[in-house]
Amino acid sequence: MKRLNNLYYSKRIKELLAELQTAGTTLVVAPMGYGKTLAVQYFLQEQERCGKRVLRQSIYGAGAEAFWQGVCHSWQNTELGAALLQQSLPADANAKTLVLELFRQLLPQEPVYWFIDDLHLLESSEVIDFLFALSKAGFADLHLLLVSRGQIFDGSRLLELGRKVFCLDKHDLALQRDELAEYSSRCGLQLTTQQLDALHEACEGWFSVTYLNFLNYDRYQRFCLDTGSVYEMIANVLLRPLPSEQQRLLLLMGQPEEFTPEQVAYAYGTSCRESVGRLLECNAFIIRLANGRLRCHHMLKQATRHAFGLLPEAEQQMYFRRLGQWYAQQKEYEEALDWLYRGRDFDGLLAAVQQLRDWSMHPQHRQHLFDWLCECPPEILWQYPQAVLIIMRRMFSLNMVPEMLQVKEWYVTALERNTALSQRERDNYYGELEVILSFLAFNSITGMSEHHRCAYKLLSGAPQTLSKQGIWTFGAPSVLGLYLRTGCSLRQTVEDMQECMPPYYLLSGWHGAGAAELTEAEALLLQGRIDEMDMPLQKAYYQAEKHGQECITICCDFLEMQRDLFRGVYSSKAEAYSRHQWQLQPWKQSMLLNTADMCAGFYYALLGKPEYIPSWLTDGNGQQPSVLYPARPCRNYISAQCLLAQGQYTELLVRWSDWEQECRPYSNFLCLLYLQVQRAAAFAGRGDVTSCRASLKQALAMAEADKLVLPLAQNIALLRPYLEQEAQGEYSAAAAAALHLGQQMEAGRGQIMSARFAEAGLQELTEQELQIAQLAAARHTNREIAQRLSLSEGTIKQYLNKIFAKLQIDAAAKNKRHQLERFFSNS
């Protein structure tokens, strides 16, 4: 009796697969048709029989977003899965660290085998980076099984993983000559030695081609060893010999990535259960998945899709339409969209969109988003205003603003022509439209508020467009960095924020709570009114923590760090941020980790401890962690401050024009002011007096009207002599205020350095340096120290410069010896 569809695993293969039980990561890499997936599935079924937990994920497209959706789906119904749903695919070091920490804390306390198939279909380096980081972490109970046609990790990464990774390739999976003989015997074929030799030589152990030859031999008593294409073999052996009905059914099976027999029968349009069953029984290229669905092997899928494309277009559309309707009936609306579009069923398409209020969107939908509406007949479009609204919302997130404005006109027309809507429904739709249009008014507080107030009057409930869980600050650590648009407008901006945020809180359920109070506190800090900012800052903390607005809390921390520099108080929060103490910062959104880096980087730049600055803030290699586009100007001025702290003046000036341009689209005046001050400081650091004075004058002109002296004071070390000159000139008030505030910051910084870093700094001194430092701290002159140690005054001066550098004493400060004295009194 023939048993051609029986799976065969030799003793050699079983022994190799047993190694997977001890491997942290297994890479199975071989061309198509070598049985990679089937071998791993065989191993996993054995583990399931032993009670082990198995997770399976298949890759069906090139997009990173779809991959991450698959990750979350794989871990669903676990605590880890719930946490991963709050994240996106980690694209930078902070995000990777957070996700790995979630794995460390929340992995089930039992062995888990996580199988990810068909990685060769991905075109995302971020996915491979994540999988490498996961493999390198080496969690004891996590076994990662990765399958691909091509290389997954390059040689250097394989070397770095070492014994943490186990590799199988096509030579391990290929049938050997004796295994081919055993396989044919188990299938019930009686082959001669010559036939086996010829088959093994022609197929070279290629499992799928061997199987196709077995089928052909069973049917025609001959092998097809000279066929040029495996797809032609599949068509000749598996497709063309079938009756017409079964041919159509097999073509339909090859269209979805996964399918059920019921789905195929529905798409075919008549009762054909028996035919479907016979196909499944006699075709080993159709694989049964753990979720109960079926999948065609890639070779069969490609062959059937090619044949399907030869059908008349109207017939293809009919089948596509039925497939879409099947998904919609199963409430798998995202899957339904593309099939309905391809089947030209716009009524069904828009009805499905209306079910997707929290639509994450598949990558292929981005390409068709505008096409759906352009190609939809107007009489259908007018019946679905809610669907148009949802598409508009997605267009804004994709920065498709021109298309979005065009769709707005269709949306209004749809509302006006839909006579079935009640007035309340119509008002709600218009209210949602106002919420979406408010984003187009960013960063005009009053402009956005007009839309918010209008939406509040129209809506009968909470808007679907806003989410309290979104990051109100877009990842920026400064509210005024986002919303201060022009000079001479600080007071008005604070008042506008205080007036406009309460209506927005009511509309959004306290999204951004604390922002109004935070704006007032930041304005006071920028003007150097340090003692007046405490009350609004504490109010902002209270509101943000009460309503769970972590992004506002971190902005409060940013202000507190800067304030405490003037008070000589070391910031424990900056230290926690720089050390990434996750247990102290249980943030759900990885973007806030990048915000924390910006806060810590800016703080340590001002403190004069550049070694604590996160490297991504200054590396300039284009691989910077992500913040949303509106927050980039804030990131840029923070990067500039970090470059100043590192003495990279030329690098700052090289990047300055790009940074300045990024402040223009949203008129980020505060960020522009910072960049202008930092440009002057960089020129000062290079000794370019003329350019420094020109840039400083521009900065003073920008700062004077609103008394925004903080950026100048924070760069006092480089700008002091130039500010002293300007204190006698046109911008005397601003220059004098900056000098006064800068002196306060230097004094506070000196206290922190002597109290916090004295002992560590002194330990870096050599014996000779320590002796000289002690004499200098005792107020001996350079000449007295030189005479005492039999050295020249020039040598003593060089020693003192090294000592000041090691002890982080500002070389431009006038009271260096006083700071040195404090070092010894505190240590």
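A residue is called buried at under 20% relative accessible area, exposed at over 50%, and partly exposed in between (1.4 Å probe, protein chains only). The model is predicted, so local features need pLDDT of at least 70 and side-chain atom pairs count only at pLDDT 80 or more, while totals for chains, interfaces and linings use all residues. Residues are numbered from 1 along each chain as its sequence is written, and side-chain values use heavy atoms, with hydrogens and water left out.

Aromatic pairs were then examined. Rings of Phe, Tyr and Trp (its six-membered ring) pair if their centres lie within 6.5 Å; planes under 30 degrees apart are stacked, over 60 edge-to-face, and the rest tilted. The count comes to 31 aromatic pairs. W75 and F103 form an edge-to-face pair, because their planes stand at 85° with ring centres 5.8 Å apart. W75 lies in the loop between α3 (64-74) and α4 (79-84), and F103 in helix α5 (residues 93-106), so the pair ties together parts 28 residues apart in sequence. Helices here are DSSP runs (H or I, at least four residues), numbered from the N terminus. W75 is buried, at 0% relative accessibility. F103 is also buried, with a relative accessible area of 0%.

The pair Y341 and F346 is edge-to-face too, since the planes lie at 70° and the centres 6.2 Å apart. Both residues, Y341 and F346, are buried. One aromatic cluster is formed by W68, W75, F103, W114, F130 and F139.

Charges over rings were also found (NZ of Lys or CZ of Arg within 6 Å of the ring centre and within 35 degrees of the ring normal). R157 lies over the face of F132, 4.6 Å from the ring centre. The charged end of R679 sits over the ring of W656, at 4.2 Å from its centre.

Methods: Helix = DSSP H or I, 4+ residues; strand = E, 2+ residues; numbered from the N terminus.
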